[in-house]
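Let's walk through this chain together, from its overall contacts down to a few individual residues. Keep the viewer open as you read.

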Amino acid sequence: MPPAPHNPPAKPKPPKSLELATLDEDNLRDEGAYNAIGFYDLDLSGRSAKAAEFNQCRFKSVDLSGTTLNKTSLTDCLIESSNLANLHTDASTLIRVSVADSRLTGLQWIDGVLRDVTLRGCKLDLSVFRASDLRSVLFEDCNLTQADFAGADLGGAQFVRCDLGAAQFSNAKLAGARFSDCNLEGVGGVTSFDGATIATGDLMTLSYVLAAALGITVEERSQDSSG
């Protein structure tokens with residue numbers, strides 16, 4: 001019998017209405033406060049802002065690639081079909097945030113917090129979540145190849161149909177994390193998986209990775225045709 005699924009992350013609380021953002025009025029700035037703003041089809045790439053706060057905002061078809069947002073918080077926000085490649089943050093927070101069909105290749109979310117966050121259909125290859133708290137986070141149908149979760153707290157995180165090939169989990173806390181229908185080939189830090197729940201189909205791949213990490217030679221037994 002498969003394990004009972006975790007409760008899904010809480011959904012963002014939508015605003016009653018949104019005011020459309022403009023670059024003149026709503027460009028990123030230090031300590032900026034953005035409430036119930038709709039950022040649609042805007043180029044915000046390569047910018048830098050510190051201690052900004054986004055509450056009940058929606059980002060759709062927005063380019064945030066190469067932007068730096070340190071000590072920034074996003075609460076009750078939606079991010080859709082947007083480009084966050086190489087976005088860099090330190091000590092930032094996502095609370096009740098949904099991210100869908102977006103590119104986050106090379107994202108660096110270091111020493112931050114993700115709580116009640118859902119990421120669906122996203123490209124997160126080469127992303128870095130070092131030393132971050134990712135409890136109550138759902139990754140679904142995401143490309144997480146070579147992602148770096150070293151030192152992260154993933155207790156309660158769920159990975160569903162994700163490609164985690166060559167992802168790094170060294171010194172991560174995985175007790176309570178769940179993996180279902182994922183590619184775990186070549187993951188690093190496999191000894192950190194103590195306390196995680198892994199679907200039967202994924203366990204075979206992980207067992208070979210664990211054997212390699214422990215220096216165990218796996219010898220395939222040949223079929224004796226002579227009976």
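## Contacts and overall make-up

In this predicted model, residues 24 or more positions apart account for 8% of the contacts in the chain with a separation of 6 or more. The secondary structure comes to two helices and 16 strands.

The chain has 227 residues, and 45% of them are buried. Its accessible surface is about 11,500 Å², and carbon and sulfur atoms hold 47% of that area.

## The nonpolar core

Which residues touch the most other members of the largest nonpolar core? They are Phe-39, Phe-149, Leu-164, Phe-169 and Phe-179, in a core of 58 residues.

## Aromatic rings

Now for the rings. The chain has 15 aromatic pairs. One of them joins Phe-149 and Phe-159 in an edge-to-face arrangement, with 5.8 Å from centre to centre and 85° between the planes. Phe-149 sits in the loop between strand S13 (137–140) and strand S14 (158–160), while Phe-159 belongs to S14, so the pair links parts of the chain ten residues apart. Both Phe-149 and Phe-159 are buried.

Next come Phe-179 and Phe-193, whose ring centres are 5.2 Å apart. Phe-179 and Phe-193 are both buried.

Ring pairs also tie these residues into a cluster, made up of Phe-129, Phe-139, Phe-149, Phe-159, Phe-169, Phe-179 and Phe-193.

## Two backbone angles to look at

Most residues other than glycine have a negative phi.

Asp-76 is not a glycine, yet its phi is positive, at about 55°. Asp-76 lies in strand S8 (residues 73–80). Is Asp-76 buried or exposed? Its relative accessibility is 8%, and the limit for buried is under 20%, so Asp-76 counts as buried.

Arg-96 also has a positive phi, near 50°, and is likewise a residue other than glycine. You will find Arg-96 in strand S10 (residues 93–100).

Technical notes:
Residues are numbered from 1 along each chain as its sequence is written. This is a predicted model: local features need pLDDT of at least 70, side-chain atom pairs count only at pLDDT 80 or more; totals for chains, interfaces and linings use all residues. Side-chain values use heavy atoms; hydrogens and water are left out. Rings of Phe, Tyr and Trp (its six-membered ring) pair if their centres lie within 6.5 Å; planes under 30 degrees apart count as stacked, over 60 as edge-to-face and the rest as tilted. Helices (H or I, at least four residues) and strands (E, at least two) are DSSP runs, numbered from the N terminus. Buried means under 20% relative accessible area, exposed over 50%, partly exposed in between (1.4 Å probe, protein chains only). A nonpolar core is a set of buried Ala, Val, Leu, Ile, Met, Phe, Trp, Tyr and Cys residues joined through side-chain atoms within 4.5 Å. Contact means heavy atoms within 4.5 Å. Accessible areas come from the Shrake-Rupley method with a 1.4 Å probe; for residues, only the protein chains shown count as cover.
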